[in-house]
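Subject: The two-chain model, and what turned up in it

Hi,

Here is the structure I promised to pass on.

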Number of protein chains: 2
Amino acid sequence: MKAIKLFERASRTYSDSSSFSKLLVVFTVSGGGLLAYADANSTNPIAPPEIKKKRVVVLGTGWAGTSFLKQLDNPSYDVQVISPRNYFAFTPLLPSVTVGTVEPRSIVEPIRNIVKKKNVDVHYWEAECFKIDSQSKKVHCRSNQNIDGKGKEEFVVDYDYLVIAMGARPNTFNTPGVVEHCNFLKEVEDAQKIRRSVIDAFEKASLPSLSDEERQKMLHFVVVGGGPTGVEFAAELHDFVKEDLVKLYPAAGKYVKITLLEAADHILTMFDKRITEFAEDKFKRDGIDVKLGSMVIKVSDKEISTKARVNGQVATMPYGMVVWSTGIGTDPVVKDFMKQVGQETRRVLATDEWLRVEGTDSIYALGDCATINQRRVMEDIDSIFKKADKDNSGKLTVKELQEVVDDICERYPQVDLYLKTKKLRNIADLLKDDSKSSVEISIEELKTALNEVDAQVKNLPATAQVAAQQGAYLAKCFNRMEEAEKNPEGPLRFRGEGRHRFRPFRYKHFGQFAPLGGEQTAAQLPGDWVSIGHSTQWLWYSVYASKLVSWRTRSLVVTDWVKRFIFGRDSSSI
Amino acid sequence: MKAIKLFERASRTYSDSSSFSKLLVVFTVSGGGLLAYADANSTNPIAPPEIKKKRVVVLGTGWAGTSFLKQLDNPSYDVQVISPRNYFAFTPLLPSVTVGTVEPRSIVEPIRNIVKKKNVDVHYWEAECFKIDSQSKKVHCRSNQNIDGKGKEEFVVDYDYLVIAMGARPNTFNTPGVVEHCNFLKEVEDAQKIRRSVIDAFEKASLPSLSDEERQKMLHFVVVGGGPTGVEFAAELHDFVKEDLVKLYPAAGKYVKITLLEAADHILTMFDKRITEFAEDKFKRDGIDVKLGSMVIKVSDKEISTKARVNGQVATMPYGMVVWSTGIGTDPVVKDFMKQVGQETRRVLATDEWLRVEGTDSIYALGDCATINQRRVMEDIDSIFKKADKDNSGKLTVKELQEVVDDICERYPQVDLYLKTKKLRNIADLLKDDSKSSVEISIEELKTALNEVDAQVKNLPATAQVAAQQGAYLAKCFNRMEEAEKNPEGPLRFRGEGRHRFRPFRYKHFGQFAPLGGEQTAAQLPGDWVSIGHSTQWLWYSVYASKLVSWRTRSLVVTDWVKRFIFGRDSSSI
């Protein structure tokens, strides 16, 4: 039944937009639309039509996947979205959700709502992809919930293009006991669980007939990881306790302790030193115990053990709740996929600068589950030289270099950065000076000049901002795929013929916030501009309010903030 | 440690309000304040002072318990509240929570918030009472959560007065499979679970590779019980599907079916016939399948079986979700307590008209966990006659009757009702006519006249309105306890000396709403006034908004309604 309907739609599509459909024939490899495992059940006697819309399968509804779906507006795709979460969550507000400053429903938007008004056919399946089969271009999925009498439904989805945006797992660094005893802070459910645990701890500690030690233990909250999420959670928890809970649990107040463990020498190391110092000072004033250089080596059901980096001293402390917020790890499904595409030795899935997974031709990966493997100049230096040396003289004139320098900078942004930061002054001066256009450079000279350029290459941080920009970038590529085949808009292919179809992805950093509690926020803005204090908190409010995914979430979050100002946070244990 | 603090407080109390404390000596039987099971742990070397505040223990934070706590303002009590829920929930809005018309947090208020501003010492323990020991005046409690290494904490609380307001359980009528497979709708958690299940059902039914039968089964929602809760849930679910879900799940729409099963001949039998008819008609137009006279006899994991009352025919239908909303049953803790106080043969815990549990002198029960056992006139008729016959003539003059008729009406409201509805015209006429004041009535004549009066006695419905009025009534009694000892304000004691301390509880019916979906509400107002339609919906909005427990919940619920009008209901599966 299902199969027939799909073929009907496919045929309809053919007549609707035949020009594009013809092009698709070239790309269509496997047929069959959407097929269930139980192929024998298929009662379709009609052979599948050979021409149909290009099938794009998107795995994940986080920042990258949702941003891709929002920007995609080329109706010549048939899009299927697979994710265990039927909503997009505005994750930067998760720390606020842990204590009820913002309600969970205010930061989520059903993915069906996001895609329903589009001119593109988008189907969503609430399921988890448990295997990517890049050989036969299929993804194997398992439904989120049990179907009565059958267990979880398994099904297979074919793709022409696959967009992997599955995000990452929390990284436990294989520390024993972390998975069993710690709370994470990556999903809405995590935040709800933490909220419930905090209230539970206060209720427990208020029971009669407990010893002081027991109360102290119950109300000892430990945060592992001094990154923005861990710091913001510690700050939010501190505010919740001081502003709301001590009023309702006056006897429990004196037992509360918040400890922040950070393995490095400072918290918020990705921020400017001024911000780090301000944050550490503020936490000290607030009574949050920041233990720097302190690595967690074990978590049991009652205690957490740390080792000091300086002297290797091991300390153990009882805790009531631990929130683990350190780095990201790779999903097992992605790990398995990496083996298929020859990336088994890598730690993280690598893509090229166009977000295409290395070793594949139709699979893209973006967001936290992948990193861009920026091509090194020195690997391609011979090809670059050869391509630039149009007269095959074995020497590059400055004029010849001038002609390709824009393409080089676009293809290898590290060169651009080097030129802009004046580190390649001799070459830059040469290129600017028209009178020097006949000066010749040998390949050895070029190699020497560019020798340290590749050291500039840095991985992008695993942030929502990067993921969202990647999703939008990829959608724009997909929107103009047909167009770009005819008129490539990217830089010269130094190791091949012609030009790249698209310009490579470039990240634009719009700054980052670190809310520190007590209406204090620090922000690192573009151009190393640092802003700290009460006014930054208002900037934070306004930026986050404007970035929320829909008018619904925007108004709900603002309403939540107003509610919090007027009534405080709710402490009902639901 | 704990014990010492309690005694300190008790001593302080003594000096603060010694006049009342002296009175307490008379009542205080057992000492020891709040004692843990592990008495051996007690390190208190000081003997407990003999005079302290009267300890009131309240079990439950529902309508009755919360209403009692809100109204109690006599500082001479030491109040301890024990409930597994640390919040009060505005239960009439639970059906709205099941589909997200109102958010769960908008209808709850932490009990600590409700009591914190009072001049009365109120302590709350998040625990469940698992045994009432009326002999030694103790309640045995178990904490809601595990205390590490100890399991659930158990402790004992002593009381001078016990207020049982534990509510009731859903009544399954011992139907097999109900507990295992049905959803109930009594707690906030139930509503949240139903909301999640509805979305899950739509996501499941949207998966590829399912048969039509499977989809139909998944989207078949069955509501058992045609009372106000069941009807309102069916209506809310219908609105959610039609207004929100079919837009997001266009393919699933045609499979949805809502069935309402009612064992009686009509739904909403407690309402006026016009309302019942309107509701049945509206549901028919909406496509809700109302099956009347249909008793559920079994629920399996896949199917629900019913038996028609008319012909005994058994029918079985597959379902996706069942919500069970029929009547109330007694909690096992209350059952056990009933045995202790000689009520083992009763179905429901019985109290007298002052809400005091029959067979006890310091235990009160109110709300859904108890019923008032209204004393019958005919049982007391001899005592009444004797007390009224002041001159012991063996005959009552009309004058003598006139003197006690107010007390009779107050003590036996069925007589009042009878007089008001003109059914006792001959006696009423006698009483009004001053010229007849010397007419004499024999006891036989009085018995004949009052013969059918007791048939007027009806149990109060198990509604929030009754529970709230009972809580407020009892609090007022507690507030004036001392005063009323000296100047009793109740009716004459016909079977004893003097007057009752308080007037007995009287329920005032302020009407009841039945929201029917599609902005249609029916209301039965006092004086059998019936109102149906769109304007009643607005009346419903305004009454409910005004009745919510705090300004916080009031504004949150109104905000939720506005949100729903603007953005619809959220369908994220969180």
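First, a term for what follows: a contact means heavy atoms within 4.5 Å. This is a predicted model, in which local features need pLDDT of at least 70 and side-chain atom pairs count only at pLDDT 80 or more, while totals for chains, interfaces and linings use all residues. Residues are numbered from 1 along each chain as its sequence is written, chains are lettered from A and ligands numbered from 1 in the order in which they are written, and side-chain values use heavy atoms, with hydrogens and water left out.

Let me start with one residue. Leaving aside residues up to four places away in sequence, Lys217(A) touches Lys302(A), Pro318(A), Tyr319(A), Gly320(A) and, from the other chain, Asp148(B). Lys217(A) lies in helix 8 of chain A, residues 212-218 (helices, H or I of at least four residues, and strands, E of at least two, are DSSP runs numbered from the N terminus). Lys217(A) counts as buried because its relative accessibility is 16%, where buried means under 20% relative accessible area, exposed over 50% and partly exposed in between, with a 1.4 Å probe and protein chains only.

Chain A as a whole has 20 helices and 26 strands. Of its 574 residues, 56% are buried.

Now the interface. Chain B brings 59 residues to the contact and chain A brings 58. The area buried between them is about 5,300 Å², with 57% of it from carbon and sulfur atoms; buried area is the accessible area (1.4 Å probe) that two parts lose on being put together, summed over both. Arg105(B), Arg112(B) and Ile574(B) supply 15% of what chain B buries against chain A, more than any other three residues.

How many salt bridges cross the interface of chain B and chain A? The rule finds 8, a salt bridge being a side-chain nitrogen of Lys or Arg within 4 Å of a carboxyl oxygen of Asp or Glu. Arg552(B) forms a salt bridge with Asp570(A), and their closest N and O atoms are 3.7 Å apart. On the side of chain B that touches chain A, helix 7 of chain B (residues 188-205) gives the largest share, 10 residues.

Lastly, helix 3 of chain B (residues 63-71) is mostly covered, with 7 of its 9 residues buried. Among them are Trp63(B), Phe68(B) and Leu69(B).

Best wishes
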